[in-house]
Amino acid sequence: MSEKSARPRNPRIEALRLVAILGIAVFHTFQPWFDAATSGAWAPSAATLSVLGCVNLLGSYGNFVFFLISGLFLVPRAVEDARTNIPWRRRWLQVLRRALPILATVAIYAACALLVSSFVTPIEGVSLGETGWLVGGLQFIWVYLALVVASPVMGQVWAHVRKPRHLVGALVVAVFVVNAYIAFVSPGENVRGLLEWRKLMSAVSYLAAFLAGGALSGSGHPRLARAFIPVAIVAVALEVAAGATGGLWLLKALSFKSTSLLSFLLAVSSLCLVAERSGDGSESAPALAARVLARSVLGFYVAQSMFFSLWQPLVTSICSDALAVGEALLLCTGALLSVALLAASFAFDQLVRLPLLRLVHLG
């Protein structure tokens with residue numbers, strides 16, 4: 001597909017990326033507190049427990065939004081390339097142009113992490129002699145890269161399947177049936193090996209979201225868009241009920257890692273909701289800001305992972321001091337710190353990574 005025929009980005013969808021990444025930032029801030037509450041190590045009030053349950057949905061919600069939006073744009077392009085018999089060489093060159101910025105982003109932040117760890121303050125696990133911070137720590141990024149690389153093959157298969165959307169629907173149902181078994185019946189050990197089957201289901205879940213994004217392209221989906229508010233109400237109601245009754249097991253199962261059906265349904269319906277809105281608002285200042293800031297979403301994913309052992313203990317310490325005053329202050333402080341970390345990451349990304357990518361013609 002030529003650049004002229006490429007589907008223009010809806011600024012509301014770019015804004016949804018920002019909402020999703022903010023949700024992920026808040027999720028990471030409160031993850032230790034949610035784990036402490038659901039393990040029984042800390043006994044917050046029912047109200048705080050319910051809020052933490054809702055917050056814990058945001059992690060997988062944000063990840064699902066990321067893959068849904070990527071599939072929304074990449075799958076239709078790959079299908080069109082297949083149907084118009086674009087030469088494979090050209091398709092792989094397009095893949096290379098999409099993959100190189102991802103690899104360059106990892107390289108830039110890896111260099112920054114090594115410099116900080118060597119000359120400023122040690123970062124646990126970050127060194128040339130260790131690989132965990134580049135492999136397991138960035139598994140989300142590598143899954144995304146794998147889907148980008150495989151998109152021409154997906155497009156080729158999609159173009160020759162009689163009812164591809166039905167096939168995607170069946171895959172989504174099968175994936176979340178298995179995910180429900182993992183979350184409610186057999187969650188496994190807290191620490192999983194990289195190739196443990198439950199761990200691999202995370203990648204399969206993201207593949208399902210990627211393909212679901214492709215299935216949502218084209219004609220509008222008003223029913224799914226209208227489902228957002230009912231799904232959100234159900235999600236909050238379940239979390240509040242679990243929090244009020246002290247259902248720690250249920251709170252954990254409802255948003256267990258990447259298995260959450262609630263998070264997936266929220267992601268699908270919210271994407272349909274913003275895509276349904278008429279008018280692109282391309283000349284407005286908020287639309288321009290959304291497009292500019294959304295370019296730093298990938299940078300945040302990489303940075304928050306590589307620098308996790310640096311920022312997470314500091315944030316947890318500050319939140320602990322806030323908890324000494326009260327649970328409400330803990331929640332407010334955690335939210336403000338999440339926004340501050342996200343803003344700092346975006347500022348660095350806009351001033352360092354993106355100019356570097358443009359310098360080497362990858363921006």
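Which residues are buried in H8? In this predicted model, the buried positions of H8 are Val231, Ala235, Glu239, Ala242 and Gly243. They lie on the same side of H8, because the arc they cover around the axis is only 105°. Ile229, Ile233 and Ala244 are exposed on the other side of H8. Helix H2 (46-83), helix H9 (248-254) and helix H10 (261-276) are included in what covers the buried residues of H8. H8 itself runs over residues 228-244, 17 residues in total. From first C-alpha to last, H8 reaches 24 Å, close to the 24 Å expected at 1.5 Å a residue. Just after H8, Gly246 adopts a positive phi of about 70°.

The largest nonpolar core holds 103 residues. Within this core, Ile141, Leu271, Met306 and Phe307 touch the most other members. H2 gives the most to the core, with 17 residues. In soluble globular proteins, nonpolar side chains tend to be buried together.

Aromatic pairs number 19 in the model. The pair of Phe64 and Phe264 is edge-to-face, because the ring centres are 5.4 Å apart and the planes stand at 85°. This pair links distant parts of the chain. Phe64 belongs to helix H2 and Phe264 to helix H10, 200 residues apart. Phe64 is buried, with a relative accessible area of 0%. Phe264 has a relative accessibility of 6%, so Phe264 also counts as buried, the cut-off being under 20%.

A second pair joins Phe67 and Tyr206. Their ring centres are 4.7 Å apart and their planes lie at 15°, so the pair is stacked. Phe67 lies in helix H2 and Tyr206 in helix H6 (residues 197-215), so this pair ties together parts that are 139 residues apart in sequence. Both Phe67 and Tyr206 are buried. One aromatic cluster is formed by Phe64, Phe66, Phe67, Phe140, Tyr144, Phe176, Tyr206, Phe264 and Tyr301.

Charged side chains also sit over rings. Arg91 lies over the face of Trp88, at 4.1 Å from the ring centre. Lys257 places its charged end over the ring of Phe256, 5.4 Å from the centre of that ring.

Technical notes
Residues are numbered from 1 along each chain as its sequence is written. This is a predicted model: local features need pLDDT of at least 70, side-chain atom pairs count only at pLDDT 80 or more; totals for chains, interfaces and linings use all residues. Side-chain values use heavy atoms; hydrogens and water are left out. Helices (H or I, at least four residues) and strands (E, at least two) are DSSP runs, numbered from the N terminus. The expected span of a helix is 1.5 Å times one less than its number of residues. Buried means under 20% relative accessible area, exposed over 50%, partly exposed in between (1.4 Å probe, protein chains only). The arc is that of the directions from the helix axis to the C-beta atoms. Contact means heavy atoms within 4.5 Å. A nonpolar core is a set of buried Ala, Val, Leu, Ile, Met, Phe, Trp, Tyr and Cys residues joined through side-chain atoms within 4.5 Å. Rings of Phe, Tyr and Trp (its six-membered ring) pair if their centres lie within 6.5 Å; planes under 30 degrees apart count as stacked, over 60 as edge-to-face and the rest as tilted. A charge sits over a ring if NZ of Lys or CZ of Arg is within 6 Å of the ring centre and within 35 degrees of the ring normal.
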